[in-house]
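Work through the exercises below with the model open. Try each task before you read its solution.

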Amino acid sequence: MRSVFAAPRLAVAALCLALPIATAAMAQDAAPNRLTVTGTGVVSGIPDLAVLTLGVTSRGDTSAEAMDATSAATADVLALLAETGVADTDMQTSDLSLSPVWSNRNSVSGGGDEITGFRASNTVTVRIRDLDGMGEVLDAAIGAGANEFRELRFALQNPAPALDEARRLAVADARARAETYAEAAGVTLGNVLELSESGGGGGPIMMREAAIASAVPIAAGEVDTTASVTIVYEITGP
């Protein structure tokens, strides 16, 4: 009796094992062939915003002296910027620090290190929306006590339109690449299966020979707004 029912049981087991394999094969046949391309769009524009970063650093015999001197100089810089028309919301201080100044006496007299004073520093970041007076503002801020020039970059106050146009150009670039690949491969380009965006934003500044102001020559140049998209197309054919 056991030998009679052994064969049917083996047949059922073989059928159960074959079903997942057949299902996987059918799913693979149903999956569309894909072509993945990346497109980039760049829009250049004249900047209308400058972001200026200055440092105020002072030294004193005591920590209090160094901090008081830096605070007073920072207040003078902020007051001057306000007089030039910069809004309070466009000014920010950050990275306030205080550190000892050490004197290494080991190589001279054989003694140990000594604290000879203290150094305090502060960072002032300001957004300047009137670029015509940019040079005078920078010159005056340095004269008011900003003794470290750290960064100057240009941007757009409203980058959304440029970014939208860069996105359109990126999609068109990806489509053109896909059509070229499809033609070269002898296949037909189908529907868009996936679309994703990566990166983007303001790019490096292209400098031109143009002085904004007479006090400190500054060239605004152009700002590049970049967008990048990845698109997956369905393809059919050999």
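Buried means under 20% relative accessible area, exposed means over 50%, and partly exposed lies in between (1.4 Å probe, protein chains only). This is a predicted model: local features need pLDDT of at least 70, side-chain atom pairs count only at pLDDT 80 or more, and totals for chains, interfaces and linings use all residues. Residues are numbered from 1 along each chain as its sequence is written, and side-chain values use heavy atoms, with hydrogens and water left out.

**Exercise 1. Confidence**

Task: find where in the chain confidence is lowest and where it is highest.

Solution. 
- Start with the score. pLDDT is the predictor's confidence in each residue, from 0 to 100.
- Take the average. The chain has a mean pLDDT of 81, and 75% of the residues score at least 70.
- Compare the elements. Helix α1 (residues 2-30) is lowest, at a mean of 46. Helix α4 (residues 160-185) is highest, at 96.
- Residues 1-28 have pLDDT below 50 and, beyond near neighbours in sequence, zero contacts in the model. Residues 204-214 also have pLDDT below 50. That stretch has 31 contacts beyond near neighbours in sequence.

**Exercise 2. Layout**

Task: state how many helices and strands the chain has, and give their pattern along the sequence.

Solution. 
- Helices (H or I, at least four residues) and strands (E, at least two) are DSSP runs, numbered from the N terminus.
- Count them. There are four helices and seven strands.
- Read along the sequence. The pattern is α-β-β-α-β-β-α-β-α-β-β.
- Look at contact range. Among contacts with a separation of 6 or more, 79% join residues 24 or more positions apart.

**Exercise 3. Cores**

Task: name the residues with the most contacts inside the largest nonpolar core, and the element that gives the largest share of this core.

Solution. 
- Define the core. It is a set of buried Ala, Val, Leu, Ile, Met, Phe, Trp, Tyr and Cys residues joined through side-chain atoms within 4.5 Å.
- Note the background. In soluble globular proteins, nonpolar side chains tend to be buried together.
- Take the burial total. Of the 238 residues in the chain, 30% are buried.
- Go to the largest core. It has 23 residues, and L52, V77, L81, V126 and I128 have the most contacts inside it.
- Trace the suppliers. β2 (49-60), α2 (63-83), β4 (114-128) and α3 (134-144) each give at least two residues. The largest share, five residues, comes from α3.
- Zoom in on L52. Leaving out residues up to four places away in sequence, its contacts include V124, V126, I128, M134, L138 and F149.
- Find the second core. This separate set of 17 residues includes L35, A162, L189 and Y233.

**Exercise 4. Salt bridges**

Task: which residue does R129 meet in a salt bridge, and is D90 buried or exposed?

Solution. 
- Apply the cut-off. A salt bridge is a side-chain nitrogen of Lys or Arg within 4 Å of a carboxyl oxygen of Asp or Glu.
- Count first. The structure holds nine.
- Take the pair. R129 meets D90 at 2.9 Å, N to O. R129 is in the loop between β4 and α3, and D90 is in the loop between α2 and β3 (91-103), 39 residues apart.
- D90 is buried, at 7% relative accessibility. R129 is partly exposed, at 40%.
- Widen the view. D90, R127 and R129 are linked in a network of salt bridges.
- Compare with helix α4. D173 and R177 form a salt bridge, with their closest N and O atoms 3.1 Å apart. They are four residues apart in helix α4, so about one helical turn separates them. D173 is partly exposed, at 22%, and R177 is partly exposed, at 36%.

Methods
Contact = heavy atoms within 4.5 Å.
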